[in-house]
Amino acid sequence: MVPERIEREIVIKAPREIVWSVITEPEHVGRWFSDSAAIDLRPGGALILTWDEHGPVYWRVERIDPPRFVSFHWLRGGHDPGDLELSEGNSTLVEFSLAEEGQGTRLRVVESGFGGLTGSEEENAKDAEEHRRGWELELDELRDYVSTHVVGSGRP
Amino acid sequence: MSRRGGDVDELWAAVADPTRRRLLDVLLAQGEATATTLARELPVTRQAVAKHLAVLDRAGLVESGRRGREVRYVVRPQGLDLAARSMASVAARWDQRLMAIKEIAESVARTEPTKVQKEVSR
């Protein structure tokens, strides 16, 4: 079946403090995630992660324990400032864990909560368009991938 | 483009719901089922099952056939495969991001290790 959570990790040849700064400081996040970033790094603090082409997505700091752990709610509602409010079922949770390993750092990321994203079945049908907007960013590349690899590959 | 199974967004919305995921599992195990038999396996009403099935049907994850008075459902493997691939694509994006984090961190460590360490440990 389809996994409910995504777990990935990587070993980095850099001290944990440096990896921490890359994950949490706007000038770095604006390179590995979006095109630019504004970050209020404290519990409940907002992250505004902006792509030049697509506009912003919003995260909120859930928990922070430098330089070992930080987690964020990735708000999936849309791209208006009003969508910055966290509510039931409108976010996935992204957790970064940093462990020292020799001279380097083992970085693990877990994204979960896909299952909690949608509301009732009525809401699903009714808000199909709204939902579509929410996923647009994430699905941009997927769309290309699917049209190349799946739709074109022998579907009747 | 055909609506059925053609819309990845709808597909993802369909599998994101825990009840529907459970429903798909049961349907996979049973091979073929009606809303009534599925409702026996799940803590929801037959009406709720029917609505979930309609969402899954629209997303191309199940297909239905009428047999007499009954509507029977089966899982569409192509739809499931697509859903699994879409999650795999999210995972692949994290792999890309982690690679980017690694590159940035290692280049910072090479160029200015002491400065950054001091800054962060305050």
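## Strand pairing in chain A

Two strands are said to pair if DSSP finds at least two bridges between them. In this predicted model, strand E6 (residues 91-101) of chain A and strand E7(A) meet that condition with nine bridges, in the antiparallel sense. Within this pairing, A:Leu98 stands opposite A:Leu107 of E7(A). The two strands form a hairpin with two residues between them, and A:Gly102, in the turn, has a positive phi of about 60°.

Strand E7 (residues 104-112) of chain A is also joined to strand E1 (residues 6-12) of chain A, by seven bridges. These strands likewise run antiparallel, and A:Val11 faces A:Arg106 in E7(A).

## The largest nonpolar core

The largest nonpolar core comprises 24 residues. Those touching the most other members are B:Leu11, B:Ala14, B:Val15, B:Leu27, B:Leu56, B:Leu61 and B:Val62. At least two residues of this core come from each of the following elements of chain B: helices H1 (8-16), H2 (18-30), H3 (35-41), H4 (46-58) and H5 (77-111), and strand E2 (70-75). The greatest contribution is that of H1(B), with six residues.

Leaving aside residues up to four places away in sequence, B:Val62 touches B:Leu27, B:Leu53, B:Leu56, B:Asp57, B:Tyr73, B:Val74, B:Val75 and B:Arg76.

## A second core

A separate core of 17 residues includes A:Val22, A:Ile23, A:Leu98 and A:Leu107. Two of these residues, A:Leu98 and A:Leu107, are the ones that stand opposite each other in the pairing described above.

Definitions and conventions: Residues are numbered from 1 along each chain as its sequence is written. Chains are lettered from A and ligands numbered from 1 in the order in which they are written. This is a predicted model: local features need pLDDT of at least 70, side-chain atom pairs count only at pLDDT 80 or more; totals for chains, interfaces and linings use all residues. Helices (H or I, at least four residues) and strands (E, at least two) are DSSP runs, numbered from the N terminus. A nonpolar core is a set of buried Ala, Val, Leu, Ile, Met, Phe, Trp, Tyr and Cys residues joined through C-beta atoms within 7 Å. A residue is buried if 20 or more other C-beta atoms lie within 10 Å of its own, exposed if 12 or fewer, and partly exposed in between; C-beta atoms are placed from the backbone. Two residues are in contact if their C-beta atoms, placed from the backbone, lie within 7 Å.
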